Amino acid sequence: MWMAILMVGVVFLFLLNLTTGSVSIPFQGVGKILLGWETGMSTWENIVIKSRLPQAITALIAGSALAVSGLQMQTLFRNPLAGPAVLGISSGASLGVALVLLIVSSISGIAMGASGALGDVGVTIAAFLGALGVLALIMLAARYTSSNTVLLIIGIMIGYASSSLVGILKFYSTAADLKSYVIWGLGSFSNLTLPELPFFAVTLVLLMLVSLFLIKPMNLYMLGENYAQNLGANVKMIRVLMILASGFLVAITTAFTGPIAFLGLAVPHITRNLLMSSDNRLLLPGVILTGAAVALLCNFIARLPGFEGALPINSVTSIIGAPIVIWVILKQKGGV
Amino acid sequence: MNNTTLQTRNLAIGHRANKQPQYLQRGLHLALHEGELNCILGPNGAGKSTLIKTLAGFVEALEGEIYLMGAPRTERSFKKLSHLMSVVLTDRIQIPHSRVLDIVGMGRYPYTSIIGRFDQHDRKIVVQALKRVGIEEMKHRFFDELSDGEKQKVMIAKALAQDTPVIILDEPTAFLDFPSKIEVMQILLGLAKDTGKSVLMSTHDVELALQVADQIWLMDKGKELHTGSPEDLVLNNVLNYFFEKDYIYFDKYTGTFLLKTRNGSEIYTDGPQPYLFWLNKALSRIGFNTTEKGVGEPRVVIKAKDDILLLLPDKTQTKFTSIESLISFLKNEV
């Protein structure tokens with residue numbers, strides 16, 4: 001029942017994202033453009049195909065990916081406050097970007113943020129490498145400790161360490177570089193160009209498909225590692241797979257969109273309360289749909305006429321996400 | 001003797017500190033048989049949990065081998081093991097919106113495909129497990145909202161749904177009120193007898209365990225592990241060897257733990273049961289060693305609950321109408 005509503009919601013929000021913006025395009029117009037019919041309005045076509053469509057697709061996929069990653073982290077750590085950020089992977093991406101934007105540019109004398117397409121690709125690659133670096137560290141740590149609590153603390157510590165490194169870099173950088181870093185840090189679904197989109201979409205969708213195979217062990221994992229092992233799960237392998245899947249989902253998403261806060265943390269809670277279930281057979285598809293819906297909604301709000309360009313997506317997700325997290329904590333029976 | 005389900009050969013349990021083995025027990029040759037209820041008894045820190053976790057494969061054995069249905073467990077896959085042994089642990093379970101049926105259903109996961117779809121057979125076994133522990137009517141309730149005793153029964157039902165020849169439980173009666181303790185013990189005893197499973201549980205409820213267990217494993221730090229039927233362990237004083245403290249001992253005659261008397265004065269008692277039993281209990285509580293054999297003074301004769309006579313060496317007699325008044329009189333005298 002809720003699944004159907006969610007699906008309709010995603011489609012509706014997707015179309016809403018195509019029609020709204022500083023230039024309002026009616027539904028029929030969008031429909032014609034999507035079907036490849038003539039509208040006689042080449043500006044509309046340009047706006048929809050080159051700007052709004054990639055942005056809506058990015059929001060749809062990024063929202064799902066972050067939500068799946070958050071669900072995996074909450075399952076792995078059996079902690080309602082875990083999210084895609086707990087392993088420090090998005091902080092690693094930030095550090096990578098900071099290194100490129102703030103150091104490379106001051107050495108070479110070229111402001112990366114101002115160097116156009118080449119700069120954008122450089123930033124994406126830097127973010128991805130930064131995220132992978134942290135993921136590698138986490139995997140190394142996971143080899144040495146079997147305790148998930150220790151792993152959680154290591155992840156959070158890596159996050160702090162990268163933030164303070166970024167702080168030092170910021171302190172010594174020029175105002176122009178700083179501004180481009182800050183803008184990246186606010187996140188955006190509009191960074192992706194049409195040619196980059198297939199790579200982004202295919203890798204993330206594949207990772208989400210892989211996650212479907214983790215549904216059963218994820219259900220068992222909720223009972224704790226001992227019970228899960230006794231019920232036939234290879235917990236060591238499942239743990240590694242969950243960290244890898246979740247880590248790559250965050251790494252790729254963050255590389256292209258910048259850090260998107262709260263979405264991955266809040267969406268699993270919304271979905272659990274909508275579906276009244278913790279069963280991942282229901283929850284995982286639910287989280288994919290809700291993640292897409294929430295990301296599209298946030299993108300829609302950020303681009304409402306009047307806000308155009310003024311509201312960064314990261315602020316919108318946080319403003320929506322923070323009350324949800326508070327609500328979850330207050331509602332939780334028997335404490336967190 | 002029934003068929004052996006689980007067996008250990010030269011098993012050593014404990015943990016490693018800086019790669020050096022720290023032994024709790026070594027050279028264990030233990031066995032579980034079909035249709036038997038086994039209880040592990042021992043004080044806190046004796047290593048009961050470590051033994052259970054080692055047998056269940058959560059903690060590595062330091063030495064030796066564990067055989068499950070004839071083959072070493074180290075040679076079996078996780079999947080195969082999940083068909084042979086189920087566990088009920090002390091781990092706290094907190095899954096939001098999870099219902100009793102969901103948790104018991106997890107016991108069927110080892111038998112389902114990669115997406116975890118249940119067929120008719122799986123559903124039937126889950127219902128049977130719920131019925132067996134008497135929680136069928138609460139199958140749609142949220143797990144969070146159950147009492148500790150009910151939660152324990154759900155976990156036992158989960159283990160049952162797993163349909164394994166061996167079930168191992170770590171302190172299933174801990175934190176339960178007394179009637180729930182008895183109920184859980186009854187369920188486990190019935191399971192062993194009716195379904196032929198081997199049930200192994202650790203517990204601190206020694207007196208209950210002595211009543212229901214086919215075999216007791218007694219363990220403590222620095223003492224050799226003893227096994228045997230409860231009666232043998234009582235009669236050859238092994239139980240007292242494990243549990244005797246400065247202030248408590250296991251009384252062979254009543255099958256209960258008693259406080260050691262402090263003043264050690266002798267007193268003769270006489271009268272019909274059950275009055276005599278409770279009179280003795282009251283007297284030993286305030287420090288008398290009661291004896292029912294022979295005649296002498298001081299002596300208490302109880303004929304009914306309100307007819308108690310105290311005879312003292314100076315030939316004086318005092319009548320009491322309740323045990324309480326007798327006790328308060330003796331307390332002032334001593």
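So, which residues of helix H12 in chain A are buried? In this predicted model, they are A:Leu263, A:Gly264, A:Leu265, A:Ala266, A:Val267, A:Pro268 and A:His269, and then A:Thr271, A:Arg272 and A:Leu275. That is 10 of the 13 residues, so the helix is mostly covered, given that buried here means under 20% relative accessible area.

What does the covering? Among the elements over those buried residues are helix H1 (2–19), helix H3 (42–77), helix H13 (280–302) and helix H14 (313–331), all in chain A.

Now a quick check on the length of H12(A). Just past the helix, have a look at A:Met276, which takes a positive phi of about 50 degrees.

Let's turn to two of the covering helices, H3(A) and H13(A). How do they meet? Their axes come within 7 Å and cross at roughly 135 degrees, which means H3(A) is oblique to H13(A). The crossing is right-handed.

If you want to click through that contact, the H3(A) side is A:Gln55, A:Ala56, A:Ala59, A:Leu60, A:Gly63, A:Ser64, A:Ala67, A:Val68, A:Leu71 and A:Thr75. Facing them from H13(A) are residues including A:Leu283, A:Val287, A:Gly291, A:Ala295 and A:Asn299. By class, the contact has 13 nonpolar and 7 polar residues, and no charged ones.

Why does the numbering skip along like that? An α-helix has 3.6 residues a turn, so residues three or four places apart point the same way.

Note on methods: Residues numbered from 1 in each chain as written. Chains lettered and ligands numbered in written order. Predicted model: local features only at pLDDT ≥ 70, side-chain atom pairs only at ≥ 80, totals over all residues. Heavy atoms only, no water. Buried < 20%, exposed > 50% of the residue type's maximum accessible area, 1.4 Å probe, protein only. Helix = DSSP H or I, 4+ residues; strand = E, 2+ residues; numbered from the N terminus. Contact = heavy atoms within 4.5 Å. Axes fitted to C-alpha atoms, helices over the stretch in contact; angles between N-to-C directions. Parallel < 35°, antiparallel > 145°, perpendicular 65-115°, else oblique. Left-handed = near helix turned anticlockwise from the far one by under 90°. Nonpolar A, V, L, I, M, F, W, Y, C, P; charged D, E, K, R; others polar.
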